[in-house]
Amino acid sequence: MNQVLILNAFPSEKNPQVEEILKAELKDKGWQCEMFALGDMDIKPCRSCGNCATKTPGLCLQKDGMEKILAKWVQSQLVILLSPISFGGYHSDLKKVIDRLLPLNTPYFTVHRGELHHENRYNPMPSLMTIGILREENTQEREAFRYLTQRNAVNMLIDRYAAVIITGNDEPDDVKNQIERGLKEVV
Amino acid sequence: MNIVSLIGSNRGEKSTSASMVNYLAQQLVPQGIPVSNHYAVRMYHQPHAQAVFLQELQESVLLIVSSPVYVDFLPAPLIHVLEGVRERMGRNGLEGRKILAIIHSGYPEPQQRRPSLEMCRCFAREMGMEWWGGLSFGGTSPISGQSLEAMGGMTKGIRSVLNQTVEKIVKGGLTGVETLALEDRSTIPLSPWLVKLMMNAMIRNNAKKSGIKDLKARPYGVKGK
């Protein structure tokens, strides 16, 4: 059975529909999902020490909620990042996790799509789907969020990715359709 | 004019982000333009430091955000501070103030810094600030918090851009722009393939010297096992 990791920085009390629709869609497909509610977890910011690259390869010296997330990431076929959109990007609760993904890279460099990047420590990487929630329509933030998703996919050497953007006043049917469309792109 | 800087690196005072702001301050302060440094990582851990930052920000003319790129984007503590500014001051709460972003990363390609510049511009729009543009610098890892002058010729291009920026700030030559990045410079003039070969050889040598056997270790196992 395919495994899905959901990293959720969107408090469910603000809009339980998104989470419910997403889980129902994944259940319909027979996917097994595990969700981490990031706002409730103890995750420290990256210290930017570089030890996970060269001194303790693949391991972060900080011991907190990230160990479970990294272990699950490695075993997943799909990772879904669910976040309010902060200035065109992820909320800081989610970005704290993204900053701590460095143990998934080796220190070695590779050239991917003509750009310099670090090699993945684990292959293949899961597909990536981001779900960004805008409080209200904002074209610049929408475009910035899409571009960020694309950049994450390039940087993590991920082939299949999708960005879904939902606004606060979207009807449940719209949300469902958009999530369905996103899942089709990554599955 | 007084300037407030917001340094995004989690290395705080010992960071390249701080080196860049310090280089600007060394030239601005003698010309009667004070620069006050604030560190996102400190504000993240000590919320009272954010109150001081907000107070100074309200009294300032220009905010300089200086930050590295962590996994394609601004570091989490910096985003946390920006979210806090929006929460406390509300939309358009910094109307009339200007913002300049200095974004740097180890990678030479400008597209690797674009999402961070975009975020700073989105923050400016939301807070009603005038966007004075971004300075984008690649190949900055070797600086590692040292002074830009100490790096000699390697940082010549970066210093040249910063010198021009100082001149524009002093003479009032910076204005609101639509452009995302005013300048992009990289200290690495080589092809990515060549950089890859050189860097990987250096990494292998360093690992050998420090007795690290397997830099490609997989402590979380392999997929499906």
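Me: What share of the 187 residues in chain A is made up of buried residues?

Reply: In this predicted model, a residue counts as buried if 20 or more other C-beta atoms lie within 10 Å of its own. Taken over the 187 residues of chain A, the buried residues make up 46%.

Me: Which radius of gyration does chain A have, given that a compact globule with 187 residues would be near 16 Å?

Reply: The C-alpha atoms of chain A fill a box of roughly 50 × 35 × 35 Å along the principal axes, and among its contacts between residues at least 6 apart in sequence, 72% join residues at least 24 apart. A compact globule with 187 residues would have a radius of gyration near 16 Å, and chain A agrees with this, because its own value is 16 Å.

Me: What pattern does chain A follow when it is read along the sequence?

Reply: Chain A has 6 helices and 8 strands. Read along the sequence, these elements of chain A follow the pattern β-α-β-α-α-β-β-α-β-β-β-α-β-α.

Me: Where in chain A is P124(A) found?

Reply: The peptide bond that leads from N123(A) to P124(A) is cis, with an omega near -5°. As for its place in the chain, P124(A) is found between β6 (115–120) and β7 (127–134) of chain A, in the loop.

Me: Is F87(A) buried or exposed, judged by its C-beta neighbours inside 10 Å?

Reply: F87(A) lies in the loop between β3 (78–86) and β4 (89–90) of chain A, and although it is not a glycine, it has a positive phi of about 50°. The cut-off for a buried residue is 20 or more other C-beta atoms within 10 Å. F87(A) has 26 C-beta neighbours inside 10 Å, and therefore it counts as buried.

Me: How many C-beta neighbours inside 10 Å does V71(B) have?

Reply: V71(B) is found in the loop between β3 (62–68) and α4 of chain B, and its phi is near 45°, a positive value in a residue other than glycine. V71(B) counts as buried, because the number of its C-beta neighbours inside 10 Å is 21.

Me: What percentage of the contacts in chain B with a separation of 6 or more is accounted for by residues 24 or more positions apart?

Reply: The C-alpha atoms of chain B fill a box of roughly 55 × 45 × 30 Å, taken along the principal axes, and buried residues make up 45% of the 225 residues in the chain. Of the contacts in chain B with a separation of 6 or more, the share that belongs to residues 24 or more positions apart is 79%.

Me: Is α1(B) parallel, antiparallel, perpendicular or oblique to α6(B)?

Reply: Helix α1 (residues 16–28) of chain B packs on helix α6 (residues 156–171) of chain B at an angle of about 45°, with the two axes 10 Å apart. Angles under 35 degrees count as roughly parallel, over 145 as roughly antiparallel and 65 to 115 as roughly perpendicular, with the rest oblique. The relation of α1(B) to α6(B) is therefore oblique.

Me: How do the residues of the contact of α1(B) with α6(B) divide into nonpolar, polar and charged?

Reply: α1(B) passes α6(B) in a right-handed crossing. The contact is made by M20(B), Y23(B), L24(B), Q27(B) and L28(B) of α1(B), together with R159(B), L162(B), T165(B), V166(B) and I169(B) of α6(B). By class, these residues divide into 7 nonpolar, 2 polar and 1 charged.

Me: Which element gives the most to the side of chain B that touches chain A?

Reply: The contact takes 46 residues from chain B and 41 residues from chain A, and by class the side of chain B has 27 nonpolar, 7 polar and 12 charged residues. The elements that give two or more residues to this side of chain B are α2 (40–45), α4 (76–89), α5 (114–127) and α7 (192–210). With 9 residues, the element that gives the most is α7(B).

Me: Is the crossing in which α5(A) passes α5(B) left-handed or right-handed?

Reply: The axes of helix α5 (residues 139–155) of chain A and α5(B) come within 10 Å and cross at roughly 160°, which means that α5(A) is roughly antiparallel to α5(B). Residues of this contact include A144(A) and L148(A) of α5(A) and M119(B) and C122(B) of α5(B). The crossing in which α5(A) passes α5(B) is left-handed.

Methods. Residues numbered from 1 in each chain as written. Chains lettered and ligands numbered in written order. Predicted model: local features only at pLDDT ≥ 70, side-chain atom pairs only at ≥ 80, totals over all residues. Buried ≥ 20, exposed ≤ 12 C-beta atoms within 10 Å, placed from the backbone. Contact = placed C-beta atoms within 7 Å. Axes fitted to C-alpha atoms, helices over the stretch in contact; angles between N-to-C directions. Helix = DSSP H or I, 4+ residues; strand = E, 2+ residues; numbered from the N terminus. Left-handed = near helix turned anticlockwise from the far one by under 90°. Nonpolar A, V, L, I, M, F, W, Y, C, P; charged D, E, K, R; others polar. Rg over C-alpha atoms; globule rule 2.2 N^0.38 Å.
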